[in-house]
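The sequence and the structure are shown first, and a description follows.

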Amino acid sequence: MPGLNWAARWLTSPLTIPGKQVIMLLVLMALIWPLLPLLLRIQRWEERKQLRTSYLAAGHCPSCDYDLSAQPKQPDGCSLCPECGAAWKISI
Ligand SMILES: [Zn+2]
């Protein structure tokens, strides 16, 4: 494969080491850069999940902080928030 031969020659060429390191660092950054938004989204998703869990553990609606402890449970086990209309499964 011509591309791999070129890469093998480039890697074994007597190019100065700092030049190779800079180019390889740029290639690595170009490969990792598109993953950063995904990693940030995963981090935000985990933070929101923890926040939602803490609201539900306190018996409050995670959307509007309405106290759901006095709300009757629906047949599916969820409690409807009268303030915002969201349904939450609270395990108190
Ligand atoms: Zn609500």
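## Contacts and overall form

Of the contacts in the chain between residues at least 6 apart in sequence, 15% join residues at least 24 apart. The model discussed here is a predicted one.

The chain contains 3 helices and 2 strands, and their order along the sequence is α-α-α-β-β. The C-alpha atoms fill a box of roughly 75 × 25 × 20 Å along the principal axes. The radius of gyration of the chain is 26 Å, whereas a compact globule of 92 residues would have one near 12 Å. Of these 92 residues, 4% count as buried.

## Confidence

The average pLDDT of the chain is 88, and 90% of the residues score at least 70.

## Separations along the chain

Two pairs of residues illustrate how sequence separation relates to distance in the model. The table lists the distances between their C-alpha atoms.

| Pair | Separation in sequence | C-alpha distance |
|---|---|---|
| A30 and L51 | 21 residues | 33 Å |
| D67 and P37 | 30 residues | 35 Å |

A30 is placed in helix 2, which covers residues 17-32. Is A30 buried or exposed? A30 has 9 other C-beta atoms within 10 Å and is therefore exposed, since a residue with 12 or fewer such atoms is classed in this way.

## The loop between helix 3 and strand 1

D65 is located in the loop between helix 3 (36-57) and strand 1 (78-80). D65 is not a glycine, yet it has a positive phi of about 70°. Most residues other than glycine have a negative phi. With 13 other C-beta atoms within 10 Å, D65 is partly exposed.

D67 also lies in the loop between helix 3 and strand 1. Which residues does D67 contact, leaving aside its neighbours within four places in sequence? D67 is in contact with G59 and H60. D67 has 12 other C-beta atoms within 10 Å, so it counts as exposed, because the limit for that class is 12 or fewer.

Technical notes: Residues are numbered from 1 along each chain as its sequence is written. This is a predicted model: local features need pLDDT of at least 70, side-chain atom pairs count only at pLDDT 80 or more; totals for chains, interfaces and linings use all residues. Helices (H or I, at least four residues) and strands (E, at least two) are DSSP runs, numbered from the N terminus. The radius of gyration is taken over C-alpha atoms; the globule rule is 2.2 Å times the number of residues to the power 0.38. A residue is buried if 20 or more other C-beta atoms lie within 10 Å of its own, exposed if 12 or fewer, and partly exposed in between; C-beta atoms are placed from the backbone. Two residues are in contact if their C-beta atoms, placed from the backbone, lie within 7 Å. pLDDT is the predictor's confidence in each residue, from 0 to 100.
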